Amino acid sequence: MPQDPHSAVTNEPEDSAAVMVEQAAVLQAPSEGSQGEAQHATSEGLEQVENYRRPEHFAPESWTPPSATLPDIGEASFGPPPPAPETVHGPDDRVQITNTNVYPWRVHCYLLITARDNTLYQGTGWMIGPHTLATAGHVVYIKGSGVAGRDGWVKSIQVMPGRNGGSLPYGSITCTSFRSVLGWTNDGDENYDYGAIITPSNTGSTTGWFGFGVYSDSDLLKTTGNIAGYPGDKPAGTLWYAARGIDSVAARKVYYDIDTAGGQSGSSVYRIDNGNRYGVAIHAYGGARVNSGTRFTTPVFNNYAAWKA
């Protein structure tokens, strides 16, 4: 019998793996955390960043990302250079966020990833609960590298919530417990490229977290998409933000021309609804005209609900 590609898998022993929870697709609520300071969003569904305006659509043009200090985790699975580098479309609209100890920015985490063969990569994740980050599947499980000893669950990930260059307002957490699904770990199918990191401490209770939800095509197409993450073409460990409309949707993917770069694999693609932030996709791929992420469908939602701790 064929296996469901959304079947959850983990690097932990079977008897301690997460159990699938069957439930209706409802919104998972965000939290601003116990730190107390939070920033309000604009009425247009944008983060309130000084002098930032949502850009209009720009025609695609060629752009070559500069070299990163550390390679993007996507290179581990897809090879250097990536076949579809996460891309800036038109003028670079990204703005740097420096007040990273304020909600919602402190929810975003810089990831320093150690692969099985001890090679180092960088990526991005975002808190969805006191102990859980959402990220791309290829962040936690390397697939098809062609390098002996590299494929499989990564050895460890240093999670740095709200990193701002050399400043680590919430320290660094060593994580060794990961989740993904068979559609990624067995097949390397980008439609199932999602995963999770389980933290040993409840940092999310302090930083807060984003909710996530399943939305209809029509809802997504009228949504302003927001992305914040740690691009490798900017100064090391700095957080950058950009927003634009959702370009198109597919059954398991969301497409947008929001500017990103390598290093942002695993970032939240989120909407702001009544002042609350909800992830609608997990950023994972770049493209010549649009970038894309794994869509929150009901099976994805159910897995994250089960992994949320």
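Student: How many bridges join strand β4 to strand β5, and which way do the two run?
Tutor: Two bridges join β4 (residues 120-127) to β5 (residues 132-135), and the strands run antiparallel. Strands here are DSSP E runs of at least two residues, helices are H or I runs of at least four, and both are numbered from the N terminus. Two strands pair if DSSP finds at least two bridges between them.
Student: Before we go on, where does the model come from, and how are residues numbered?
Tutor: It's a predicted model, where local features need pLDDT of at least 70 and side-chain atom pairs count only at pLDDT 80 or more, while totals for chains, interfaces and linings use all residues. Residues are numbered from 1 along each chain as its sequence is written, and side-chain values use heavy atoms, with hydrogens and water left out.
Student: Back to the strands. Which residue in β5 is the bridge partner of Met127?
Tutor: That's Leu133.
Student: And what is the strand order of the open sheet?
Tutor: The sheet has eight strands in the order β1-β10-β11-β5-β4-β3-β8-β9, with antiparallel pairing. β1 (8-10) and β9 (173-175) stand at the edges with a single partner strand each, so one side of each has no neighbour in the sheet. On average, neighbouring strands are turned by 30 degrees against each other, direction ignored.
Student: Which strands does α6 touch?
Tutor: α6 packs on the sheet and touches β1, β5, β10 (177-181) and β11 (195-198). Its direction makes about 5 degrees with that of β11. Contact means heavy atoms within 4.5 Å; axes are lines fitted to C-alpha atoms, for helices over the stretch in contact, and angles run from 0 to 180 degrees between N-to-C directions.
Student: Is α6 mostly covered or mostly open?
Tutor: Mostly covered: eight of the ten residues in 298-307 are buried, among them Phe301, Tyr304 and Trp307. Buried means under 20% relative accessible area, exposed over 50%, and partly exposed in between, with a 1.4 Å probe and protein chains only.
Student: Switching to rings. How many aromatic pairs are there in the whole structure?
Tutor: A search finds 15. Rings of Phe, Tyr and Trp (its six-membered ring) pair if their centres lie within 6.5 Å; planes under 30 degrees apart are stacked, over 60 edge-to-face, and the rest tilted. Trp126 and Phe296 have centres 6.4 Å apart and planes at 70 degrees, so they're edge-to-face.
Student: Where do Trp126 and Phe296 lie?
Tutor: Trp126 is in β4 and Phe296 in the loop between β18 (291-295) and α6, so the pair ties together parts 170 residues apart in sequence. Trp126 is buried at 0% relative accessible area, and Phe296 is buried at 1%.
Student: What about Tyr194 and Tyr304, how are they arranged?
Tutor: That pair is tilted, 5.7 Å centre to centre with 45 degrees between the planes. Tyr194 sits in the loop between α3 (182-185) and β11, and Tyr304 in α6, so parts 110 residues apart in sequence are tied together.
Student: Last one: where is Thr100, and is it buried or exposed?
Tutor: Thr100 is in the loop between β2 (95-97) and β3 (108-114), and it's buried at 3% relative accessible area. Leaving aside neighbours within four places in sequence, its contacts include Trp105, Arg163 and Leu239.
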